[in-house]
Amino acid sequence: MKKLTALLFAALLGTTAQAAEYKIDTKGAHAFVQFRIKHLGYSWLYGRFDDFDGSFFYDDKAPEKSSVNVNIDVTSLNSNHAERDKHLRGTDFLNTEKFPSATFKSTSFEPLADGKALLKGELTLHGITKPITIDVTNIGGGKDPWGGYRQGFSGTTEFELKDFGIDYNLGPASQKVEMILDIEGIRI
Amino acid sequence: MQARNNQTRYGWAAIALHWLMAPAIIGLFALGWWMRQLSYYDPWYQQAPNIHKSIGVLLLLLLVLRLFWRLINVAPQAEPNTPRWQTLVAKGAHQLIYLLLFAIMFSGYLISTADGRAIEVFGWFSLPATIQSIPNQEDMAGSVHEVLAWSLIILVAIHALAALKHHFIDHDSTLLKMLGLSKDSEQSEEQAPITTTKKETAL
């Protein structure tokens, strides 16, 4: 009986330390796939992809086992300017008619100190697949007020546009794009 | 020369509208085609689309004016020995040109205003956004704009070739009428009977 009570107790409390699959909360829009690129070298231009979905596995006891999968609807690109979005979706850039989706599949997760980690994986964009490394920070995790359990991360990475076959000339200061990824997952 | 049309000839108002719009339409097509391939650092990269949009809006005003004018004026009769099918085809083509112009302007408007931004017309006034709710509006409208613009320019080429055929092969005054140069224009004011056009066979 004592053992059972202890087990029950552990199950109730145990929500803080479990290996689990999380669904990225795109429904509640607590996740953002954003990019920024320099405009002429004078300022940063921000944009985002409004539609995506994905999931991740996270075990705070064994974070190295973490993995992530994300699918991005590239046509949902939004830089707050329709004519620019149209240009970016067109053949000069993302050619979304031919390559409507982008994917990220992780291959490894290397925990560092202070909740930071290196997430490596394959990014497929514009029909080209390349390995990228994302600098990840675990922002936090725990119970939410509505009976769920959440875990959130922030990540950044950067790559050259031409690595993904996008060679439209935006100028020397605008060769690289930075991705700013913020995801919150709800435990399934 | 009078402003209004009659049974045999166009008045100067219709002629002016036609020749004001013709270069604007062809110019907009050329400008639209050219500006799409400008590089980001081209000095015209920002200016060309602004001019394209501004002229497009002004052309819409001319088109409305032209259709109104057409409504309250008679159209000159076709050349007397024109086969009936040709008259009908020509009429259909003219109406299709008007329809395509409207559709092209509307789709262009939907591209530029998809995010709620207004269209600035040479800084004189702006045309506000209205419809923004079509899914992927700027892309959808962009495809429509492109396909219809090509359709229009093909139709315009046929229209111009037909006018030249009337002039150089049929030797009639179809083209001269739109230039205000038809032979009978001096005598055939308001009341000119249709039969006077027979003289033009001498051309």
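Biologist: How many residues does the contact take from chain B and from chain A?
Modeller: The contact takes twelve residues from chain B and eleven residues from chain A. The model is predicted.

Biologist: What makes two residues count as in contact?
Modeller: Their C-beta atoms, placed from the backbone, must lie within 7 Å.

Biologist: Which elements give two or more residues to the side of chain B that touches chain A?
Modeller: They are α3 (84-112) and α4 (137-168) of chain B. Of the elements, α4(B) gives the most, with four residues. By class, this side of chain B has four nonpolar, five polar and three charged residues.

Biologist: Why are α3(B) and α4(B) called roughly antiparallel?
Modeller: Look at the angle. The two helices pack at about 155 degrees. Angles over 145 count as roughly antiparallel. Therefore α3(B) and α4(B) are roughly antiparallel to each other. Their axes are 8 Å apart.

Biologist: In which hand does α3(B) pass α4(B), left or right?
Modeller: The crossing is left-handed. The residues of the contact between these helices divide into 16 nonpolar, seven polar and one charged.

Biologist: Now chain A. Which elements does chain A have?
Modeller: Chain A has two helices and eleven strands. From the N terminus on, the order is α-β-β-β-β-β-β-α-β-β-β-β-β. The C-alpha atoms of chain A fill a box of roughly 70 × 30 × 30 Å along the principal axes.

Biologist: How do you know that β2(A) and β3(A) pair?
Modeller: Count the bridges. Pairing needs at least two. Seven bridges join β2(A) to β3(A), residues 43-49, and the strands run antiparallel. They form a hairpin with three residues between them. In the turn, Leu40(A) has a positive phi of about 60 degrees.

Biologist: What makes β2(A) and β11(A) a pair?
Modeller: The cut-off is again at least two bridges. Strand β2(A), residues 31-39, and strand β11(A), residues 176-187, pair over seven bridges, in the antiparallel sense.

Biologist: Where do the partners of Arg36(A) lie?
Modeller: Glu178(A) is the bridge partner of Arg36(A) in β11(A). In β3(A), Arg36(A) stands opposite Tyr46(A).

Biologist: What makes a residue of chain A buried, and what percentage of the 188 residues is buried?
Modeller: A buried residue has 20 or more other C-beta atoms within 10 Å of its own. In chain A, 21% of the 188 residues are buried.

Biologist: What share of the contacts in chain A joins residues 24 or more positions apart?
Modeller: Such residues account for 53% of the contacts with a separation of 6 or more.

Terms used
Residues are numbered from 1 along each chain as its sequence is written. Chains are lettered from A and ligands numbered from 1 in the order in which they are written. This is a predicted model: local features need pLDDT of at least 70, side-chain atom pairs count only at pLDDT 80 or more; totals for chains, interfaces and linings use all residues. Ala, Val, Leu, Ile, Met, Phe, Trp, Tyr, Cys and Pro count as nonpolar, Asp, Glu, Lys and Arg as charged, and the others, Gly among them, as polar. A residue is buried if 20 or more other C-beta atoms lie within 10 Å of its own, exposed if 12 or fewer, and partly exposed in between; C-beta atoms are placed from the backbone. Axes are lines fitted to C-alpha atoms, for helices over the stretch in contact, and angles run from 0 to 180 degrees between N-to-C directions. Angles under 35 degrees count as roughly parallel, over 145 as roughly antiparallel, 65 to 115 as roughly perpendicular and the rest as oblique. A crossing is left-handed if the near helix is turned anticlockwise from the far one by less than a right angle, and right-handed if clockwise.
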